[in-house]
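I opened a new page for a structure I had not looked at before.

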Amino acid sequence: EAPEKAPLGPPAAVTPLEPPALLSTNSPAALKVGRQQIIPKSLASEIKATSKANSQSAESRRVLKVRSMVESLGVPLVADGEEEAEGDPESPGALRRGLRSTSYRRAVVSGVDFDSSANFKKKNRMSQPILKAVVEDKEKFSSLGRIKKKILKGQGTFDGEENAVLYQNYKEKALDIDSDEESEPREQKPDEKIVFYYKPLRSTWSQLSVVKKNGLSEAISQEERKRQEAIFEVISSEHSYLLSLEILIRMFKNSRELSLTMTKTESHHLFSNITDVYEASKKFFKELEARHQNNIFIDDISDIVEKHTSSTFDPYVKYCTNEVYQQRTLQKLLATNPGFKEVLSRIESHEDCRNLPMISFLILPMQRVTRLPLLMDTICQKTPKDSPKYENCKQALKEVSKLVRLCNEGARKMERTEMMYTINSQLEFKIKPFPLVSSSRWLVKRGELTAYVEDTGLFSKRTSKQQVYFFLFNDVLIITKKKSEESYNVTDYSLRDQLVVQQCDSEDLTSSPVKNASTMLYSRQSSAAHLFRLAVLSNHAGEKVEMLLGTETQSDRARWITALGQDRDGQKMDRTTLAQVEIIRTYTAKQSDELSLQVADVVLVYQKVNDGWYEGERLRDGERGWFPMECAKEITCRATIDKNMERMGRLLGLETNV
């Protein structure tokens with residue numbers, strides 16, 4: 001419903017027993033914009049100068065409308081309120097999706113008297129809407145963090161529909177590079193149409209009603225309060241994650257209609273052992289919640305984390321190992337199975353799924369397991385180093401990091417093994433065969449390059465170009481000519497330690513081995529103008545071979561030089577001197593030398609290429625690869641950079657100079 005413009009009216013009377021209320025249109029931010037404001041229509045009541053019966057009828061309809069809005073909880077709940085406004089873009093008062101939270105509904109209700117319309121009798125002189133004050137009731141606004149006494153049937157912090165925040169919409173503060181900063185209400189921007197400070201869907205430890213009532217937040221030090229916040233975030237995020245897993249199993253895995261559209265093998269590849277993962281998470285959360293309910297001031301959870309990580313979480317390794325089959329199966333079903341696609345779309349549109357795609361549920365175990373070390377590291381960071389709890393936390397962090405490595409290695413090994421067999425079946429050796437398949441070998445990079453070859457005749461030398469296709473593994477380079485997408489003729493190969501690579505500019509082309517390549521390059525308008533030299537000290541026949549190679553882009557050249565030259569000198573560099581970037585957009589690796597990244601990941605930058613690519617090292621696990629610049633923004637705060645290096649040292653056990 002489109003909002004109306006309304007001139008500012010007198011504020012509603014506030015009884016002495018109620019806390020003073022400030023109209024949103026009287027707030028400092030609103031007054032900067034002007035006296036006339038655009039507000040949600042549901043916050044105003046239209047009273048026309050008509051009969052008493054008509055007035056009561058209009059008010060009743062408005063109350064019913066507000067009630068219906070409060071009771072309809074099927075809309076998506078967004079944790080950070082950053083979604084774009086829905087509806088007509090010309091309606092500046094349209095509610096944003098992020099404002100449709102439990103707290104916002106309660107704010108609307110708090111300004112409405114459901115039992116009486118007598119307050120409106122005296123103010124119907126004109127047909128202007130009358131603005132109602134939005135009064136914030138502390139009890140009503142306890143949000144996700146409501147703690148009830150045990151006598152109330154044992155209901156706890158995480159009971160109730162108002163806490164149903166899915167993990168896809170849950171943003172852990174520990175992932176924020178500035179998580180040490182105090183959270184202040186964001187300053188209202190002049191162009192924003194609704195002046196309303198709503199509460200986030202998930203509560204922090206300090207916002208829990210029992211913490212407020214007992215004054216615990218003020219009774220402890222600031223550092224201890226931050227530690228309690230970090231501990232509580234592990235618990236609340238696990239609860240959110242558990243809710244999402246339950247939806248994945250109930251709505252997708254257990255859907256008979258969906259299962260009838262695919263084979264049992266496809267279903268197994270798609271969902272793997274997700275039920276075991278759910279049960280492991282359930283046990284973990286149950287123990288965390290029990291400790292939280294036992295004492296709102298939690299001394300430590302490191303023992304619980306260490307216990308479950310080292311034993312209960314084994315299903316995570318199996319699930320992550322299946323990732324390559326899962327993704328391929330889903331892509332195949334969506335591309336070739338219309339029945340599956342239709343049923344899946346119908347399930348995804350169900351209100352319980354919040355219009356989220358199934359893939360967003362399937363990848364949650366991988367996301368959760370990679371975030372756990374960051375969450376535990378935050379607790380470690382807030383724990384005094386001279387405390388026994390610090391060593392306990394470090395041990396838990398060590399176990400969590402070990403779990404992440406096992407999950408990564410499992411997924412990587414499965415993918416590498418399958419890739420190795422696939423490539424081996426596609427190679428046709430025109431020379432002495434090379435035994436390619438090995439458990440210790442994996443693909444580093446593959447792709448097509450332009451090779452410039454010098455042909456020597458009786459009276460002249462001529463340079464020709466030809467396309468070559470490289471398969472670079474961690475220990476060997478296979479040089480081929482591409483016959484088709486699934487067939488390659490092997491012309492040469494060499495061990496990787498016999499390769500010497502060097503960048504070469506156009507002005508260097510007068511030197512050996514190809515003297516007139518420059519003329520050929522630019523006279524023919526070749527697209528492969530970015531050149532480098534590759535010397536093979538000893539090929540399959542024990543001979544030395546020199547090649548001049550070209551790529552289509554500057555970043556392709558940089559990536560090949562890095563891969564062929566085993567350029568890992570960066571690992572010996574002082575990491576504190578490297579630039580850091582924060583990932584602002586998820587990126588999925590499309591080639592073997594690329595890096596998959598999640599939002600809020602921090603990456604140390606080793607190389608920057610002008611055509612839009614970074615080579616970097618992922619802070620949370622030390623993985624290195626290439627990714628687009630558009631997915632990242634540079635971190636410029638020196639204090640944040642230092643904190644990130646300290647975190648990397650704890651996560652990877654590295655020595656840093658911070």
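The entries below follow that order.

**Ground rules.** I am working with a predicted model, in which local features need pLDDT of at least 70, side-chain atom pairs count only at pLDDT 80 or more, and totals for chains, interfaces and linings use all residues. Residues are numbered from 1 along each chain as its sequence is written, and side-chain values use heavy atoms, with hydrogens and water left out.

**Whole chain.** I looked up the secondary structure and found 19 helices and 17 strands in the protein chain. These are DSSP runs numbered from the N terminus, helices being H or I of at least four residues and strands E of at least two. The protein chain has 658 residues, and 48% of them are buried. Buried means under 20% relative accessible area, exposed over 50%, and partly exposed in between, with a 1.4 Å probe and protein chains only. I noted an accessible surface of about 33900 Å² for the protein chain, with 49% of it on carbon and sulfur atoms.

**H9 and H10.** I took the helix pairs next; two packed helices are described by the angle between their axes and the distance between the axes. Axes are lines fitted to C-alpha atoms, for helices over the stretch in contact, and angles run from 0 to 180 degrees between N-to-C directions. H9 and helix H10 (residues 302-312) have axes 10 Å apart at an angle of about 165 degrees. H9 and H10 are therefore roughly antiparallel, a label for angles over 145 degrees. In contact terms (heavy atoms within 4.5 Å), the H9 side includes Phe284 and Leu288, and the H10 side includes Ile304 and Val305. By class, I read 5 nonpolar, 2 polar and 5 charged residues in the contact of H9 with H10.

**H9 and H11.** The axes of helix H9 (residues 274-294) and helix H11 (residues 314-321) come within 9 Å and cross at roughly 150 degrees. From H9, Ile274, Asp276, Val277 and Ser281 meet Pro315, Tyr316 and Tyr319 in H11.

**Val599.** Where does Val599 lie? I found Val599 in the loop between strand S13 (579-583) and strand S14 (602-609). I also checked its accessibility: Val599 counts as partly exposed because its relative accessibility is 43%. Val599 touches Ile583, Ile584, Arg585 and Thr586, leaving out residues up to four places away in sequence. Val599 and Ile583 are 16 residues apart in sequence, with 5.1 Å between their C-alpha atoms.

Note on methods: Areas by Shrake-Rupley, 256 points an atom, 1.4 Å probe, with all protein chains shown as cover. Parallel < 35°, antiparallel > 145°, perpendicular 65-115°, else oblique. Nonpolar A, V, L, I, M, F, W, Y, C, P; charged D, E, K, R; others polar.
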